[in-house]
Amino acid sequence: MDLTPYVDHLRRELAVAADAGGDEARALAERLSAPLESAARLTLLNALSAAMSDVTRELAPGSVDVRLRGLDPEFVVTPPPAPEPVREERGPVAAPVVAAPPAAEADDGTMVRINLRLPAHLKGRAEGAAAAEGLSVNAWLVRAVSVALDGGGRASAPGRGKDSGGRGFTGWVR
């Protein structure tokens, strides 16, 4: 998205306002136009980021990111994953499709930031899984947390559940 027409419009408006003040005001407006251009671009970028944050809340688990390419913003859209088709065969159970929370449980739309520190090997695997699904790592993590918290718990490993005489293993291994 090219912001130049918007910045040029602001520059013209400043010149029109300065014309009413005479030669000194015109000279001041010319000196101020370059620093004001940076401030105008930053203000427009902040407004676009805020708008795309609202759009992202509506698209979750999809997202819209605003990125700078040179002086101009660019929008990167990550659509929500398409629901998997229902299979009638009795094969392995597929991972559940994440649905939007019921209206009573829906959040108020507030986005929060957390810091997550992963070991390097997990970070690489998360990036690979997100790329395989065509998602940003953030969108993939949001979906993974949502699945984990909304009843998409892990299935027990073969031979380790109640079917094997209750000899299950739990805990951490180093």
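How many salt bridges does the structure hold? The structure holds nine salt bridges, a salt bridge being a side-chain nitrogen of Lys or Arg within 4 Å of a carboxyl oxygen of Asp or Glu. The model is a predicted one, in which local features need pLDDT of at least 70 and side-chain atom pairs count only at pLDDT 80 or more, whereas totals for chains, interfaces and linings use all residues. Residues are numbered from 1 along each chain as its sequence is written, and side-chain values use heavy atoms, with hydrogens and water left out.

The protein chain has four helices and two strands, where helices (H or I, at least four residues) and strands (E, at least two) are DSSP runs numbered from the N terminus. Read along the sequence, these elements follow the pattern α-α-β-β-α-α. Of the 174 residues of the protein chain, 16% count as buried; here buried means under 20% relative accessible area, exposed means over 50%, and partly exposed lies in between, with a 1.4 Å probe and protein chains only. The accessible surface of the chain comes to about 13900 Å², and 58% of this surface belongs to carbon and sulfur atoms, the areas being computed by the Shrake-Rupley method with a 1.4 Å probe and, for residues, with only the protein chains shown counting as cover. Among contacts (heavy atoms within 4.5 Å) between residues at least 6 apart in sequence, 44% join residues at least 24 apart.

The two strands, strand 1 (residues 63–69) and strand 2 (residues 72–78), run antiparallel and are joined by seven bridges; two strands are taken to pair if DSSP finds at least two bridges between them.

Side chains of opposite charge can pair when their charged atoms come close. In the salt bridge between Arg 11 and Glu 37, the N to O distance is 2.5 Å, and this pair links distant parts of the chain, since Arg 11 belongs to helix 1 and Glu 37 to helix 2 (residues 23–59), 26 residues apart. Both side chains are partly exposed, Arg 11 with a relative accessible area of 35% and Glu 37 with 24%. A salt bridge also forms between Arg 41 and Asp 72, at 3.4 Å from N to O; because Arg 41 lies in helix 2 and Asp 72 in strand 2, the pair ties together parts that are 31 residues apart in sequence. Arg 41 counts as buried at 12% relative accessibility, whereas Asp 72, at 22%, is partly exposed. Arg 11, Glu 37, Arg 41 and Asp 72 are linked in a network of salt bridges.

Another salt bridge is formed by Asp 23 and Arg 26, whose closest N and O atoms are 2.5 Å apart. Because Asp 23 and Arg 26 are three residues apart in helix 2, about one helical turn separates them. Asp 23 counts as exposed at 61% relative accessibility, while Arg 26, at 32%, counts as partly exposed.

Finally, Met 1, Tyr 6 and Phe 75 make a nonpolar surface patch of about 290 Å². Patches are made of residues with over 30% relative accessible area and no salt bridge, like charges being joined within 9 Å and nonpolar side chains (Val, Leu, Ile, Met, Phe, Trp, Tyr) within 5 Å. Met 1 is found in the segment before helix 1 (4–19) and, at 42% relative accessibility, counts as partly exposed.
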